[in-house]
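Colleague: I'm new to reading protein models. Could you walk me through one, feature by feature?

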Amino acid sequence: MFTVIIPTYNERENLERFVEKLQEVFTINNLAGRIIVVDDNSPDGTGRIADSLAGRYDNLSVIHRPEKQGIGPAYVAGFKQALATDTRCIFEMDCDFSHDPANIPAFLKAIETADLVLGSRYVPGGRVENWGLARRLISRWGGLYARWVLGVPVNDLTGGNKCFRREVLEALDLDAVSSAGYGFQIEMTYRTIKKGFRVKEIPITFSDRQLGQSKM
């Protein structure tokens, strides 16, 4: 059993399609997966769509938060709910299709010999699609700078497509995680490494969103 956590804010154009794709991947691969949508009171009605999906799929639940508080607290809320179940591993995924649900079997295979699996754009076989030069440079050099400052052997510290063993999240003090924005991804990986857990990177293709507005 595993859980996919999806933080949302104004994702009405993407959420239903993404959930349907996840359910398709679960079915085709005979996977026992759950989904937790964490919505930050989206003005565009994403939360209502999530509730409708929860009524359609018994493996989907929704956390409604009162306001936009950042991706870090959203994931922490999802982690805590997932850890209250019998789930063995927990995914982070964006619902704008920049993270491909079809990669879930590869993550589950990799987590057999790791404690945290990172979907990496910057290992052999990984790549980015539909980004301009400026965003490519910001992402690449930002990741390299964080790697140098923190002294950790990870190629894609800023990536947000991850799979944790539950033991990792149980060992970390989730209430002490301080990053609200995208620094959350760096902090979680750094804390995992400092605890002595095994981290593995696997290649993914990161595709920029086609619908909706980037939160970057």
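**Charges, helices, cores and rings**

Modeller: Let's start with salt bridges: the count comes to 13, taking a salt bridge as a side-chain nitrogen of Lys or Arg within 4 Å of a carboxyl oxygen of Asp or Glu. Bear in mind that this is a predicted model, where local features need pLDDT of at least 70 and side-chain atom pairs count only at pLDDT 80 or more, while totals for chains, interfaces and linings use all residues. Residues are numbered from 1 along each chain as its sequence is written, and side-chain values use heavy atoms, with hydrogens and water left out.

Colleague: How do I read a salt bridge, and which residue does Arg56 pair with?

Modeller: The general idea is that side chains of opposite charge can pair when their charged atoms come close. Here, Arg56 forms a salt bridge with Glu20, and the closest N and O atoms are 3.1 Å apart. Arg56 sits in helix 2 and Glu20 in helix 1, so this pair ties together parts that are 36 residues apart in sequence. Helices here are DSSP runs of H or I with at least four residues, strands are runs of E with at least two, and both are numbered from the N terminus.

Colleague: Are Arg56 and Glu20 buried, exposed or partly exposed?

Modeller: Go by relative accessible area: buried means under 20%, exposed over 50%, and partly exposed in between (1.4 Å probe, protein chains only). Arg56 is at 42%, so it counts as partly exposed. Glu20 is partly exposed too, with 34%.

Colleague: Which other salt bridges can I look up?

Modeller: Another is Lys109 with Glu112, at 3.6 Å. Lys109 is exposed, with a relative accessible area of 57%. Salt bridges that share partners also join Glu16, Glu20 and Arg56 into one network.

Colleague: Now helices. Which residues of helix 1 are buried?

Modeller: An α-helix has 3.6 residues a turn, so residues three or four places apart point the same way. In helix 1 the buried residues are Leu15, Phe18, Val19, Leu22, Gln23, Val25 and Phe26. Seen down the axis, they fall within an arc of 160 degrees, so they line one face of helix 1; the arc is taken from the directions from the helix axis to the C-beta atoms. On the other side of helix 1, Thr27 and Ile28 are exposed. The buried residues of helix 1 are covered by parts including strand 1, strand 2, helix 2, strand 3 and helix 4, judged by contact, meaning heavy atoms within 4.5 Å.

Colleague: And what about helix 2: which of its residues are buried?

Modeller: They are Thr46, Gly47, Ile49, Ala50 and Leu53, in a helix that runs over residues 46-56. They cover an arc of only 155 degrees around the axis, which puts them on the same side of helix 2. Arg48 and Gly55 are exposed on the other side. The buried residues of helix 2 pack against strand 1 (2-8), helix 1 (15-28), strand 2 (33-39) and strand 3 (60-64).

Colleague: How many residues does the largest nonpolar core have?

Modeller: In soluble globular proteins, nonpolar side chains tend to be buried together. A nonpolar core is a set of buried Ala, Val, Leu, Ile, Met, Phe, Trp, Tyr and Cys residues joined through side-chain atoms within 4.5 Å. The largest one here has 30 residues, and those with the most contacts inside it are Val4, Ile6, Leu15, Leu22, Phe91 and Ile104. Helix 1 gives the most to this core, with six residues. A second, separate core of 25 residues includes Ile36, Ala82, Val154 and Phe184.

Colleague: Last one: how many aromatic pairs are there?

Modeller: A pair of aromatic rings is described by the distance of the centres and the angle of the planes. Rings of Phe, Tyr and Trp (its six-membered ring) pair if their centres lie within 6.5 Å; planes under 30 degrees apart count as stacked, over 60 as edge-to-face and the rest as tilted. The structure holds eight such pairs. Tyr75 and Phe184 have ring centres 5.9 Å apart and planes at 10 degrees, so the pair is stacked. Ring pairs also link Phe2, Phe26, Phe91 and Phe107 into a cluster.
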